[in-house]
Amino acid sequence: MKIIVVDDEPIIADTLVNILTGEGRDAVAVSNGKSAIQWAEMIRPDAVVTDVIMPGMDGIDTAKAIMKFLPNCRIILFSGQAATSGLLAKVRAEGCSFEVLAKPINPDILLEKLKIQ
Amino acid sequence: MITNPSKLINVRGTELLAGDTREQYRQKLARITLDSMAQFVGLLDANGTVLEINQVALDAVGIKLSDVEGKPFWTTFWWQVSEEINATLRDSIRRASQGEFVRWDAEIYGRAGGKETVIIDASLMPVKDERGKVVFITAEGRDITEKKAHEREIARQREELAELDKLTQFFANISHLRREATEREVQLRAEAELERQRLQLSEDRLRAIVETTPECVKIVAADGTVLHMNSAGLAMVGADYAEMVIGKSVYDLIAPEDRDRFREFNRRICGGEKGSLEFDMIGLKGVRRCMETHAAPLQNSDGSIAQLAVTRDISPRQEAEEAQRRLAAIVESSDDAIASKDLNGVVTSWNKSAEKLFGYKADEIIGQPVMLIIPPELHQDEPMILSKIKRGERIDHFETVRLKKNGERVDVSLTISPVKDVHGKVVGAAKIIRNITENKKVERTLRTTEKLAAAGRLAATVAHEINNPLAAVTNLVYLSRRDVGDAKKVAAYLELAGRELDRVAHITRQTLGFYRDTSSPVRFNVAQVLDDLLLLYATRLEVRKIKVVKQYDEDIQIRALAGEIRQAFSNLITNSIDAMPTGGSMIIRVSKSHAWTNSGAPGVRITMLDTGSGIAPQHMSSLFQPFFTTKEDIGTGLGLWITRNIIEKHGGVIYVKSRTGPAQHGTVFSIFLPLEGKDNGPGPNRMTAASSKSAISSGVANE
């Protein structure tokens, strides 16, 4: 299972990748939306785990862009900010729906989520 | 008269003789007739030369016919009273000689042997021959001295009456509710005087007066039939001629609802009483007028008693009184307390609501100094208010505190207007006092609400800043457990986790300072507070690509409620961030300054400029109002309102300028804070609020 982890805080992305790799997943860490899309085109991941609030392209726009060419890719968003709910409402109005987990995520729960197809 | 012409008769030198021919006899009779006429008669030739003058005229001044015969009439003794009278005579003779009948009133010598003058109704009648040429002029003069005296007397009486009317009118005009009683008394007295005057007058004088008086004078029989009505009365009832009213029932002219009262009134008057009555009349043309009548019994020649009434139209007075009564009722029943004072600050009026609000009854506070309701620490406000009023200025919605009788304080909003007399001179002040205690309570609740909302927004910001390091720590703890056998790895994880926890600690130290001890003012560095806030919002600024430029003067310390000032700055910074969703710049400047008011107190000026979208012109005026927001999903609409409150509470001022042009757009907030901020409670210092409001409107620079 190929997973891309996106977070502008490298320590978060790196530790998550470390955890996922330990569980036998094929994970890669990137720090912004643009490189996430580039990597997704290259490796065609089964799942993308991304922060919502990031400089430049935010997690939602990143997810939407990836869904265009990988409609079956699992998207898991995580955010530590209340303002996210406003962004999500906008996305829902456009006909998409994403799962959002609150930061900090318990790694066990994330692993559970990734198991369910 | 002369029944026996055969008898010898001598009348004033004319002897009728038995032997007189028929011709002579007739001539002598003519002579006697002429001489014995009571009026002055004479015959002049066409040039005015005296041919004949009768004996009465000669006797009146003690002269003989030979004294004037053959002389021009205007040179005779009678006409030497004045040059003017003489000239009139000469002119009259000239006109008569041209065939005109001339008649005028003249004063001539004509009594007591020529020592006294009389007034005559003089006339010159041209006598023409068969061809129509004037050959003689007959002169006549009837003594009308008595009649003139009468007329003068009547005119005088009329004038007196007019004076009385003016007097009563005057009192009607200055009718004032408070003086109503006195006015009424004066009026009644004047009416009584009028009545007395009338009774003194002889009948024809009365008739003359009755016809010329501007009031309706009528005589009504006991059964209500109108026996007489003067022309003013006819005009009042809308009658074109007397028969439309005379002989008809007076009740047809009375408004239906007043008919019974009028009937009863007529019964009383015809029963011998005097009295007055107010009633509504409906004229023949349908015009309703409010009338006031004064009536007295009048005995007719047949012994029956009728009502003699003088009635006047008091509709205008009635309307003025009505308007005044209505106004008084409005004032009295107003929910707002309404009071007035004179220029010495003495209370002159006090309505019901004022009684309720302050606990003072009108009669216990009227005449007392207004200081009674002003708290001691605000006594200096009163001369300021009075001097504004004296200049004729108005004070609008001045929020202050007043004292109740029981010593309780009440938050009020005052609107004070100068009261001017008829000459436009300021004589006092009228004030509307609105109890705004409830508003104040609501305001306090709003302030608390906004504090909580601000805390909530802050918590969200803090949460993000804390959740990131926590996420890292969570992952590191997970990894440490997983790799528990590998001491080296675990040490590295713990090292990283420790660093992340330091980050959390730093953030909490920064942010929790916000709400530490907000109850008393402390000395702090303005720039430091701004830096702390910028650090807190660093991520947001970075995410939005907002460049921040800081231009701080050297270390400036102020004494203020640090938490509140932080809240005020925080509101402005987050507003700027919200105004720049796609990036921009923010310049924050801190410099030493002085108050822009008279005090010139030293202080600090904080300017926050952004290159955001700007504030739409139509929003400028409501910017600082509570619940005004353009960000409906996230804003409470209380941020700027609370910001202004905080700044003003510290004796500061806040200005805003904004542009929404396509090329140049953005907003500048400029704040002045005194170095030693006041920490008075909310409310008392509202004059600064007013000045900042006007500053906002004048400082707007929209494009």
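**Close-up 1. An open sheet of 5 strands in chain A, ordered β2-β1-β3-β4-β5, pairs in parallel.** The model is predicted. β2 and β5 (99–102) of chain A stand at the edges. Each has a single partner strand, so one side of each lacks a neighbour in the sheet. Direction ignored, neighbouring strands of this sheet are turned by 20° against each other on average.

**Close-up 2. Strands β1 (residues 2–6) and β2 (residues 26–30) of chain A run parallel, joined by 5 bridges.** Val6(A) has Val30(A) of β2(A) as its bridge partner. From β1(A) the chain crosses through helix α1 (residues 10–22) of chain A to β2(A). This β-α-β crossover is right-handed.

**Close-up 3. Strand β4 (residues 74–79) of chain A runs parallel to β5(A), with 4 bridges between them.** Phe78(A) is bridged to Leu101(A) in β5(A). Helix α3 (residues 59–69) of chain A lies across β3 (47–51) and β4 of chain A. Its angle to β4(A) is about 175°. Helix α5 (residues 107–115) of chain A lies across β1, β3, β4 and β5 of chain A. Helix α5 of chain A runs at about 160° to β4(A).

**Close-up 4. Helices α16 (residues 526–536) and α18 (residues 562–579) of chain B cross at roughly 50°.** Their axes come within 10 Å. α16(B) and α18(B) are therefore oblique to each other. The crossing is right-handed. α16(B) contributes Val526(B), Val529(B), Leu530(B), Asp532(B), Leu533(B) and Leu534(B) to the contact. α18(B) contributes Arg566(B), Phe569(B), Ser570(B) and Ile573(B). By class, the contact has 7 nonpolar, 1 polar and 2 charged residues.

Technical notes
Residues are numbered from 1 along each chain as its sequence is written. Chains are lettered from A and ligands numbered from 1 in the order in which they are written. This is a predicted model: local features need pLDDT of at least 70, side-chain atom pairs count only at pLDDT 80 or more; totals for chains, interfaces and linings use all residues. Side-chain values use heavy atoms; hydrogens and water are left out. Axes are lines fitted to C-alpha atoms, for helices over the stretch in contact, and angles run from 0 to 180 degrees between N-to-C directions. Helices (H or I, at least four residues) and strands (E, at least two) are DSSP runs, numbered from the N terminus. Angles under 35 degrees count as roughly parallel, over 145 as roughly antiparallel, 65 to 115 as roughly perpendicular and the rest as oblique. A crossing is left-handed if the near helix is turned anticlockwise from the far one by less than a right angle, and right-handed if clockwise. Contact means heavy atoms within 4.5 Å. Ala, Val, Leu, Ile, Met, Phe, Trp, Tyr, Cys and Pro count as nonpolar, Asp, Glu, Lys and Arg as charged, and the others, Gly among them, as polar. Two strands pair if DSSP finds at least two bridges between them. A crossover is right-handed if, with the strands pointing away from the viewer, the path from the first strand over the helix to the second runs clockwise.
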